[in-house]
Amino acid sequence: MNEIKIFSPATVANVACGFDVLGFCLDSVGDEMTIRKVDKKGIKISRIEGFDLPFETELNVAGVSALAMYDAINPDYGFEIEIYKNIKPGSGIGSSAASAAGSVFGMNELLGRPYNKTELTQFAIKGEALANDCEVADNVAAALFGGFTLVKSLSPLEILQIPSPDNLYATIIHPQIEIKTSVSRAFLPKEVKLQDAITQWANFGSLIHSMHTNNYELMRRSLHDVIIEPHRSKLIPHYLDVKNEALNAGALGSGISGSGPSVFSLCKGVETANNVRDAIKKVYSKTGIEFDIHVSRINTEGVKVL
Ligand code: HSE
């Protein structure tokens with residue numbers, strides 16, 4: 001096999017109380033990429049459609065993660081990467097992670113799968129770091145593994161797959177403004193109050209327990225973020241209106257997707273997810289800000305061959 005076409009999904013990181021460690025994978029939105037073996041050594045980004053991104057390999061997240069893997073293998077041929085981006089950069093639904101995860105997943109397939117998903121995540125983190133100014137794995141792990149993933153540790157890298165109820169759906173609103181992750185991270189305090197930390201880790205532990213036990217009511221009581229949301233929500237227009245309408249329409253919980261501006265809601269069943277979509281659509285329709293809105297199952301497969 002010399003060429004492969006893949007789908008690399010959007011992801012939601014943090015999931016309210018799991019800043020930098022928890023993520024989940026969407027299935028209704030993602031990028032496509034074509035990766036092919038070529039005679040000329042090295043990694044070349046040969047085509048980018050959808051958004052204006054750098055073609056220089058070292059400046060492109062897909063290029064940087066591909067290079068990390070390429071340097072580890074050093075084959076006597078090279079790879080060309082075509083990127084068909086649907087996920088807007090700076091959207092908060094893992095645009096850079098989809099690129100970073102997609103290139104290494106595709107190369108791994110063409111190489112005969114020498115690496116497991118944790119090792120692929122390790123390479124993809126290098127691409128993510130270009131966009132984030134620091135190494136985080138919550139989006140790339142969710143994109144590569146699918147489902148809900150917990151980054152137990154970055155060094156050594158350890159990813160845990162967290163089960164989730166079959167009937168869990170996400171509604172995501174993406175206001176068409178850009179918030180760079182590096183800016184949104186710089187906005188955060190360096191220290192947190194002990195009482196807030198206690199509340200956060202109690203919610204986080206309960207959220208993970210609720211996933212394992214299909215306990216939607218516990219999920220509803222656990223999807224709260226007392227550490228990050230109070231700061232970042234100021235960057236997102238009409239954030240509280242969206243959140244309140246989502247909760248009124250039956251969402252189990254609602255929060256900032258990754259570093260924003262997208263806002264996610266988790267819902268029991270597609271009907272509630274559609275009701276939440278309609279309710280938050282009404283909020284944003286009045287603002288004059290353009291937006292996309294998606295209802296998605298939890299994608300348990302992650303990046304896949306098309
Ligand atoms: N956990 C990261 C953040 C996600 O919220 O900054 C973006 O990569």
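P261 lies in the loop between β8 (253-256) and β9 (263-268), where strands are DSSP runs (E, at least two residues) and helices are runs of H or I with at least four, numbered from the N terminus. The peptide bond from G260 to P261 is cis, with omega near 5°. This is a predicted model, in which local features need pLDDT of at least 70, side-chain atom pairs count only at pLDDT 80 or more, and totals for chains, interfaces and linings use all residues. Residues are numbered from 1 along each chain as its sequence is written, and side-chain values use heavy atoms, with hydrogens and water left out.

**Other backbone features**
- The S155 to P156 peptide bond is also cis, with omega near 0°, and P156 lies in the loop between β5 (148-154) and β6 (157-162).
- A16 is not a glycine, yet it has a positive phi of about 70°; its place is the loop between β1 (3-13) and β2 (22-38).

**Around the ligand**
- The ligand is surrounded by 14 residues (a heavy atom within 4 Å), and the closest are N14, D20, D138, R185 and R232.
- By class, this shell has 3 nonpolar, 6 polar and 5 charged residues (Asp, Glu, Lys and Arg count as charged; Ala, Val, Leu, Ile, Met, Phe, Trp, Tyr, Cys and Pro as nonpolar; the others, Gly among them, as polar).
- Domain 1 (3-162) and domain 2 (168-297) both give residues to the shell, so the ligand lies between them; the bounds come from an automatic or database domain assignment.

**Ligand atom distances**
- A ligand nitrogen is 2.5 Å from a side-chain N or O atom of D20.
- A ligand oxygen is 2.8 Å from a side-chain N or O atom of N14.

Technical notes: A polar contact is a pair of N or O atoms within 3.5 Å; within protein, one must be able to donate a hydrogen and the other to accept it, and residues adjacent in sequence count only if both atoms are side-chain atoms.
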